[in-house]
Amino acid sequence: MDRMDDKLDALWAEYREACPSPEASADFMPQMWRRIEEKRTATVSVLRRLAQVCVMASVALAVVLGAVVIPHVQPLPVQTTYADVLADNHVNTYVDVLTGDIK
Amino acid sequence: MLVEFELIERARRGDDAAFNQVVQAYRKRILGNIARLIGRPEDVEDVGQEVFVRLYYSLDQLRTAEVFEPWLYRLTVNAAFDYLRRQRRRQESRMSDLSEQQVMLADAAAGGKRNEEEQRRTRIRELVQSLLEKVSEEDRILLVLKEVEGLSLKELEKIYRVNENALKVRLFRARQRVLKAYEAQEAQKSDAPKSDAPRGA
């Protein structure tokens, strides 16, 4: 087992030597910046698409609300004031005074 | 540190020229790490570029320039891990294709272009890769960082943000598995000539 342990350690060392640090090609930096730009463009287009979806969803929701909810809304009961009620009960009082029925 | 903190700070604030300088300073080291982590020279640049693209977009999350190197190592480990996972999936979906070893043998036989030294290196890479396939991608990366890159447990602790004991246990288990696979391969190799020998000779 110890012998195999040693052999494995030697193999790691050989592997390290067999995989030297490579020199980057001349295209490395331009390609990297191209990828950075591509990612930036992709992010912007995703955000733009998300915004479009949000706007469309808002419009659709507004249409649905207008078509479905609004026809079912009950009109509010008319709030009458004391003066209105009094006037309703004495509709002809002013006419009566003018015609001389009330003195 | 291969660069001044000031340069990293400038890159963090969005200075592309400073970022370029940081990449140029760390490029060789990172490509070397990737070469040993993935064991495929033809894909090293691609994974290396991925590391620096990720660095570009995550640099604003870096709290201080002091933790830059473990941060960069972490990005390298993650990119290598993603690559290895993709490779494993690809290999599983192309079971009918020739194995890499077969392709290599065919290449060597047909062209004969590679010199002996390069062939020896390729053999070692293939052997180590076949042994590392016996453990998960996570353990494989951990083993390479420890055994091949020579990182200390303290350095690994910073990269993985896991305590030393947990790392030791994982390393021990992974090494045992690789050792077992190595023993099996060696045993197979020593058995091979006997079975190939003509009967009754």
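In this predicted model, the C-alpha centres of domain 1 and domain 2 of chain B are 21 Å apart. The domain assignment places domain 1 of chain B at residues 1-97 and domain 2 of chain B at residues 114-192. Where these two domains touch, domain 1 of chain B contributes 12 residues and domain 2 of chain B likewise contributes 12 residues. On the domain 1 side of this contact, two or more residues each come from α2 and α4 (68-93) of chain B. The largest share of that side, 8 residues, belongs to α4(B). By class, the domain 1 side comprises 7 nonpolar, 2 polar and 3 charged residues.

The secondary structure of chain B consists of 9 helices and 0 strands, giving the pattern α-α-α-α-α-α-α-α-α along the sequence. Chain B has 201 residues, of which 29% count as buried. Among its contacts between residues at least 6 apart in sequence, 62% join residues at least 24 apart.

The view now turns to the partner chain. Contact between the chains involves 27 residues of chain B and 20 residues of chain A. On the chain B side, at least two residues each are supplied by α2 (16-38), α3 (44-58), α6 (116-132), α7 (137-148) and α9 (164-196). Of these helices, α2(B) provides the largest share of the side that touches chain A, with 8 residues. The residues on this side of chain B divide into 15 nonpolar, 3 polar and 9 charged.

Conventions
Residues are numbered from 1 along each chain as its sequence is written. Chains are lettered from A and ligands numbered from 1 in the order in which they are written. This is a predicted model: local features need pLDDT of at least 70, side-chain atom pairs count only at pLDDT 80 or more; totals for chains, interfaces and linings use all residues. Two residues are in contact if their C-beta atoms, placed from the backbone, lie within 7 Å. Helices (H or I, at least four residues) and strands (E, at least two) are DSSP runs, numbered from the N terminus. Ala, Val, Leu, Ile, Met, Phe, Trp, Tyr, Cys and Pro count as nonpolar, Asp, Glu, Lys and Arg as charged, and the others, Gly among them, as polar. A residue is buried if 20 or more other C-beta atoms lie within 10 Å of its own, exposed if 12 or fewer, and partly exposed in between; C-beta atoms are placed from the backbone. Domain bounds come from an automatic or database domain assignment.
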